[in-house]
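Welcome to this short tour.

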Number of protein chains: 2
Amino acid sequence: MTTQAVPGTLRSRRIARSRQRLVEIALPAFAERGYDAVTVDWLCEQAEVSRRSFFRYFDGKEDLALTPLNDVWRTLIGELDDVLAGSGPLLTVLGEALIDVVEHMPPGWEHLAVLSARLSGRYPGVDAAGMLTCERFTEHVVGAIVARLDGAPGADLSARVVCAVAVAGHRAAVDTWCSAPDAGTTATREDLAALLRATLAAVPGALEIRLP
Amino acid sequence: MTTQAVPGTLRSRRIARSRQRLVEIALPAFAERGYDAVTVDWLCEQAEVSRRSFFRYFDGKEDLALTPLNDVWRTLIGELDDVLAGSGPLLTVLGEALIDVVEHMPPGWEHLAVLSARLSGRYPGVDAAGMLTCERFTEHVVGAIVARLDGAPGADLSARVVCAVAVAGHRAAVDTWCSAPDAGTTATREDLAALLRATLAAVPGALEIRLP
DNA sequence: ACCGAACTGGCACTCACTGGCACTTGGCAT
DNA sequence: ATGCCAAGTGCCAGTGAGTGCCAGTTCGGT
């Protein structure tokens, strides 16, 4: 997906290019003609990739549609060991790492991410797949935290709750970010980073909300 | 689903019975032979319901698999207006309402709910569908809260975060509840209610967790 | 008893996704 | 350079979920 500093083997670059091509064809097509109206067959034809390979590159159509957003969480999972080496409140640590990852996505990421986020809002099936990725992130964090704070009672639940809050904050920020009519062309990752910062900062107070 | 005090029309009771029959055939079958190995065709044959009607009764195979757990959230959504008439911290209000709903599910609910929960743990697709239902609950709460606290800045985010926490607590409680090997026969709704109470009480402290 | 509306079942169809198999090709040791 | 091997690929045929359509039935109010 990313153009690596170390390019990797010839093969893996071919795969990465095919994946990238599929995403770049798919997301605008989904936005224009609707998610259901664009078939995997058509996408494969356009990208000159066989149907069989499509399903080797992606977990499914929904995974393809969410590639830009999922890449954020997958990157974060990959960096978890480094991230959790930090200190301070877990929510702060995870939040800053999330923002850092967003700021370091490859060039052009924002345009595709906006399309992906809008798709997620319009199609429940796509949304559900996105939540699954976040859930996988949560499981990684829970596993790592339990291992690190070995034996601490409730570490499990704490990690789960913090992740839930981080994910909810992320979803809220992305919603706002992608809902400006011209977001497709003008939204920047810095905008999203700022929204994430604001959202996550507001979280502790948010829990206090009372009914009159 | 529930045996109503007011039985409703003949028609609606026939439908409810067909739905119930499908759920009672499906969940044990899923547990025994695996979710994928049990086809909708087979289920329809067993329950003597046409394939076409199946998809009129349920949103899909996953909806069927999650009926017991989804019913909790759907009931809660139905009672939202009453629930939000209460006062105090939103998290407490929602938590108590959730526990109340669980305690008033129809007889026999617990056995099917355990099967449903285990299925959700084993099959990501099913899990994702469950998260969608929770998301729908969140949207209802957000809508209602924004309407009630008209104009309060951040009410939107607050409601979202509280729901995320409530849902995470619920998931954690249900996970624990259904993972005892003999839960299928011995788990009671009171057990689950107690777990929910404990989990939700622990949440405020959970957010404070720090890395060393 | 009758009429209209709601519900039903069957059929044919689309499309996502999978397993199997033979073939190609890039990576690597020699 | 060469030749071997595993990883990756294309094609095909199959499965099963989900949907649109339509003709027939059944329920509920009048």
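A crossing of two helices is called left-handed if the near helix is turned anticlockwise from the far one by less than a right angle, and right-handed if it is turned clockwise. With that in mind, helix 10 of chain B passes helix 12 of chain B in a right-handed crossing. Please keep in mind that this is a predicted model.

**Helices 10 and 12 in chain B**

Let us stay with this pair for a moment. Helix 10 of chain B covers residues 155–179 and helix 12 of chain B covers residues 189–206; they pack at an angle of about 135 degrees, with their axes 9 Å apart.

On the helix 10 side of chain B, the contact includes B:Val165, B:Ala166, B:Gly169, B:His170 and B:Trp177. Helix 12 of chain B answers with residues including B:Asp191, B:Leu192, B:Leu195, B:Leu196 and B:Val203. Sorted by class, the residues of this contact between helix 10 and helix 12 of chain B are 11 nonpolar, four polar and one charged.

Now for chain A. Here the axes of helix 10 and helix 12 (residues 189–206) come within 9 Å and cross at roughly 135 degrees. Helix 10 of chain A and helix 12 of chain A are therefore oblique to each other, and their crossing is right-handed. Among the residues that make this contact are A:Gly169, A:His170, A:Thr176 and A:Trp177 from helix 10 of chain A, along with A:Leu195, A:Thr199 and A:Leu200 from helix 12 of chain A. The contact of helix 10 with helix 12 in chain A has 11 nonpolar, four polar and one charged residues.

Helix 10 of chain A (residues 155–179) also has helix 9 of chain A (residues 124–148) as a partner: their axes come within 9 Å and cross at roughly 145 degrees. Helix 9 of chain A passes helix 10 of chain A in a right-handed crossing. Which residues meet there? Helix 9 of chain A brings, among others, A:Asp127, A:Met131, A:Cys134, A:Phe137 and A:Ile145, while helix 10 of chain A brings residues including A:Ala155, A:Arg160, A:Cys163 and A:Arg171. The contact of helix 9 with helix 10 in chain A divides into 11 nonpolar, one polar and five charged residues.

**DNA strand C**

Next comes the DNA. How many residues surround DNA strand C? There are 19, and the closest are A:Arg51, A:Arg52, A:Lys61, B:Ser53 and B:Arg56. The largest share, four residues, comes from helix 3 of chain B. By class, the surface near DNA strand C has six nonpolar, five polar and eight charged residues. Of the atoms of DNA strand C within 4 Å of the protein, 53% belong to sugar or phosphate and the rest to bases.

**DNA strand D**

DNA strand D is surrounded by 18 residues, the closest being A:Arg52, A:Ser53, B:Arg11, B:Arg51 and B:Arg52. Which helix gives the most to the surface near DNA strand D? That is helix 3 of chain A, with four residues. The classes here are five nonpolar, five polar and eight charged residues. For DNA strand D, 51% of the atoms within 4 Å of the protein belong to sugar or phosphate, and the rest to bases.

| Protein residue and atom | DNA atom | Distance |
|---|---|---|
| B:Arg52, polar side-chain atom | base oxygen of DNA strand C | 3.4 Å |
| B:Ser53, polar side-chain atom | phosphate oxygen of DNA strand C | 2.4 Å |
| B:Tyr57, side-chain N or O atom | phosphate oxygen of DNA strand C | 2.9 Å |
| A:Tyr57, side-chain N or O atom | phosphate oxygen of DNA strand D | 3.0 Å |
| B:Arg51, polar side-chain atom | base nitrogen of DNA strand D | 2.6 Å |
| B:Lys61, backbone N or O atom | phosphate oxygen of DNA strand D | 2.9 Å |

Key:
Residues numbered from 1 in each chain as written. Chains lettered and ligands numbered in written order. Predicted model: local features only at pLDDT ≥ 70, side-chain atom pairs only at ≥ 80, totals over all residues. Heavy atoms only, no water. Axes fitted to C-alpha atoms, helices over the stretch in contact; angles between N-to-C directions. Helix = DSSP H or I, 4+ residues; strand = E, 2+ residues; numbered from the N terminus. Contact = heavy atoms within 4.5 Å. Nonpolar A, V, L, I, M, F, W, Y, C, P; charged D, E, K, R; others polar. Near = heavy atom within 4 Å. Polar contact = N/O pair within 3.5 Å; in protein donor to acceptor, adjacent residues only side chain to side chain. Parallel < 35°, antiparallel > 145°, perpendicular 65-115°, else oblique.
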